[in-house]
Amino acid sequence: MYDIKQWRHIFKLDPAKTISDQDLEALCMSNTDAIMIGGTDNVTEDNVIQLMSRVRRYPLPLVLEISNLESIMPGFDFYFVPTVLNSTDVTFHNGLLHQALKQYGHMINFEELIFEGYVVANGDSKVAKLTRATTDLDREDIEAYAQMANDVYHLPVLYLEYSGTYGTPEMVQAARDCLTETQLFYGGGIDSLVRAQEMAQLADTIIVGNVIYDSVKEALKTTKIKERT
Ligand code: 1GP
């Protein structure tokens, strides 16, 4: 039904943050391709279900990016499962996935499950600290992770995650140059159309998060990248 490969723009909503009905409607009725619900801390069954039911009124794809076992629930179009390739903790490679499969494996529709290879690149971000990621990465490191995702693990998605800060286009280009099959997601610090355009030229799909909560108007402008493609 939905083809993720065609997605150019995703709004990522943090269930631990507050958003008005009006802003939510503006995001859901915008030109974005999908809404992703996900966050690093304080993601609970309660706040995920609340946000899911509010977004579900709108006719666009809805994704849950799994951050813990407690907040997994039916009702989403897709479940994105991160594996943090540069984490030093096996929990974030496949430990959580292993637990999730033990608990829910019998009821998962694997066509809805997308395994995302994450490279966490902002050492100051919550996700870097939580996953104990090695973030001192040069171009060759990024290339190796991209090869790992594309040629070794054959992952559908590589997510270059600068969460909270704007990344270096050269690094995104380095990943781009190594990917032939794997879809490249870029997220981090996109707070204007100019930045959205810059990263959308390099990545297949851009993820816009924080700016939603700082200025929904600026967030909405980032969807204009879709008019050019
Ligand atoms: C976070 O990649 C997303 O997981 C988006 O990043 O919040 O910095 O926009 P920002």
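View 1. Strands here (E, at least two residues) and helices (H or I, at least four residues) are DSSP runs numbered from the N terminus, and two strands pair if DSSP finds at least two bridges between them. This is a predicted model, in which local features need pLDDT of at least 70 and side-chain atom pairs count only at pLDDT 80 or more, while totals for chains, interfaces and linings use all residues. Residues are numbered from 1 along each chain as its sequence is written, and side-chain values use heavy atoms, leaving out hydrogens and water.

**View 2. Strand 1 meets strand 8.** Three bridges join strand 1 to strand 8 (residues 205-208), and the two run parallel. Look for Phe11, which stands opposite Val208 in strand 8.

**View 3. Phe80 and Phe185 form a tilted ring pair.** The whole structure holds seven aromatic pairs. In this one, the ring centres of Phe80 and Phe185 are 6.1 Å apart and the planes meet at 45°, so the pair is tilted. Rings of Phe, Tyr and Trp (its six-membered ring) pair if their centres lie within 6.5 Å; planes under 30 degrees apart count as stacked, over 60 as edge-to-face and the rest as tilted. Because Phe80 belongs to strand 4 (residues 78-84) and Phe185 to strand 7 (residues 183-187), the pair ties together parts that are 105 residues apart in sequence. Phe80 is buried, at 0% relative accessible area, and Phe185 is buried at 0% as well. Here buried means under 20% relative accessible area, exposed over 50%, and partly exposed in between (1.4 Å probe, protein chains only). Ring pairs also link Phe80, Tyr118, Tyr159 and Phe185 into a cluster.

**View 4. Arg195 sits over the ring of Tyr166.** The charged end of Arg195 is 4.2 Å from the centre of that ring. A charge sits over a ring if NZ of Lys or CZ of Arg is within 6 Å of the ring centre and within 35 degrees of the ring normal. Tyr166 and Tyr186 are both buried.

**View 5. Helix 2 has buried residues on one side.** In helix 2 (residues 45-55), the buried residues are Asn47, Val48, Leu51, Met52, Arg54 and Val55. They cover an arc of only 165° around the axis, which puts them on the same side of helix 2; the arc is that of the directions from the helix axis to the C-beta atoms. Their cover includes strand 1 (9-13), helix 1 (21-28), strand 2 (34-37) and strand 3 (62-65).

**View 6. Asn150 is buried in helix 5.** Asn150 is found in helix 5 and has a relative accessible area of 2%. Neighbours within four places in sequence aside, Asn150 is in contact with Cys178, Leu179, Thr180, Glu181 and Thr182, where contact means heavy atoms within 4.5 Å. Asn150 and Gln183 are 33 residues apart in sequence, and their C-alpha atoms are 8.8 Å apart in space.

View 7. Most residues other than glycine have a negative phi. Asn42 has a phi near 60° and lies in the loop between strand 2 and helix 2, where Asn42 is exposed at 58%. His154, with a phi of about 50°, is in the loop between helix 5 and strand 6 and is exposed at 59%.
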